[in-house]
Amino acid sequence: MDERELRQLREYLDREQIRETFNRYALGVDSSDPEAVLSVFDDPCILITQQPGKPPRRYEGRAAVERFFNRGLINDLKLLRHRITDNLIKVEGDRADTRLYWDEIREQNGQLILGGGIYFDKLRRTGNGWKFTERHAMTTYWITLIDKVDEHALATQILLAPRPKNVRL
């Protein structure tokens with residue numbers, strides 16, 4: 001293999017490892033496991049969340065990001081599933097910039113909701129793999145599919161399995 005082919009191979013491996021970081025994040029969120037989610041964030045790191053029509057919320061520093069996920073993921077949602085698509089990854093040495101779409105379905109406050117948006121990320125290669133140094137989660141849509149998920153709806157319209165716990169690889 002010549003030098004150019006080795007660089008290409010390294011870039012392909014980096015991209016696959018970055019995709020693994022995306023998937024570990026989504027699985028951690030979906031299984032309500034803050035520890036799994038935080039394992040893919042660097043120290044220091046920044047999390048930015050943004051909903052349509054509202055200013056972004058910024059959580060700077062590992063402690064602030066940890067508080068956000070510990071508060072937000074320990075809940076009684078019956079269902080939360082992410083789907084991540086169309087990821088664009090630009091690797092430059094030990095840094096990467098990414099953009100990808102996410103869709104999710106969730107049960108929250110008695111409603112069944114379909115939502116989604118775009119993640120804009122900055123990552124860094126560490127001794128423990130690729131980690132987010134900055135994650136900007138911009139929600140672009142939020143649709144209520146069923147306004148009241150009650151016993152009748154669960155019996156006739158939808159099936160919600162319990163959220164998986166401790167599903168790490």
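A 2.5 Å polar contact joins the side chains of Arg124 and Asp42. The model is predicted.

User: Where is Arg124 found?

Analyst: Arg124 is in strand 5, residues 111-126.

User: Is Arg124 buried, partly exposed or exposed, and why?

Analyst: Buried means under 20% relative accessible area, and exposed means over 50%. Arg124 has 27% relative accessibility, so Arg124 counts as partly exposed.

User: Which residues does Arg124 touch, leaving out those up to four places away in sequence?

Analyst: Contact means heavy atoms within 4.5 Å. Arg124 touches Asp42, Asp94, Arg95, Gly129, Trp130, Lys131 and Thr133. Gly53 lies 71 residues from Arg124 along the chain, and their C-alpha atoms are separated by 31 Å.

User: What is at the start of helix 1, and what follows the helix?

Analyst: At the start, a side-chain oxygen of Asp2 reaches to within 3.2 Å of the backbone nitrogen of Arg4. Ser32 follows helix 1, with a positive phi near 55 degrees.

User: Which residues of helix 1 are buried?

Analyst: Among them are Asp14, Ile18, Phe22, Tyr25 and Val29. Leu13 is also in helix 1. Leu13 counts as partly exposed, because its relative accessibility is 44%.

User: Which residues form the nonpolar patch on the surface with Leu13?

Analyst: Met1, Leu6 and Leu9 form the patch with Leu13. Together the four have about 400 Å² of accessible area.

Notes:
Residues are numbered from 1 along each chain as its sequence is written. This is a predicted model: local features need pLDDT of at least 70, side-chain atom pairs count only at pLDDT 80 or more; totals for chains, interfaces and linings use all residues. Side-chain values use heavy atoms; hydrogens and water are left out. Buried means under 20% relative accessible area, exposed over 50%, partly exposed in between (1.4 Å probe, protein chains only). Helices (H or I, at least four residues) and strands (E, at least two) are DSSP runs, numbered from the N terminus. A polar contact is a pair of N or O atoms within 3.5 Å; within protein, one must be able to donate a hydrogen and the other to accept it, and residues adjacent in sequence count only if both atoms are side-chain atoms. Patches are made of residues with over 30% relative accessible area and no salt bridge: like charges are joined within 9 Å, nonpolar side chains (Val, Leu, Ile, Met, Phe, Trp, Tyr) within 5 Å. Accessible areas come from the Shrake-Rupley method with a 1.4 Å probe; for residues, only the protein chains shown count as cover. A salt bridge is a side-chain nitrogen of Lys or Arg within 4 Å of a carboxyl oxygen of Asp or Glu.
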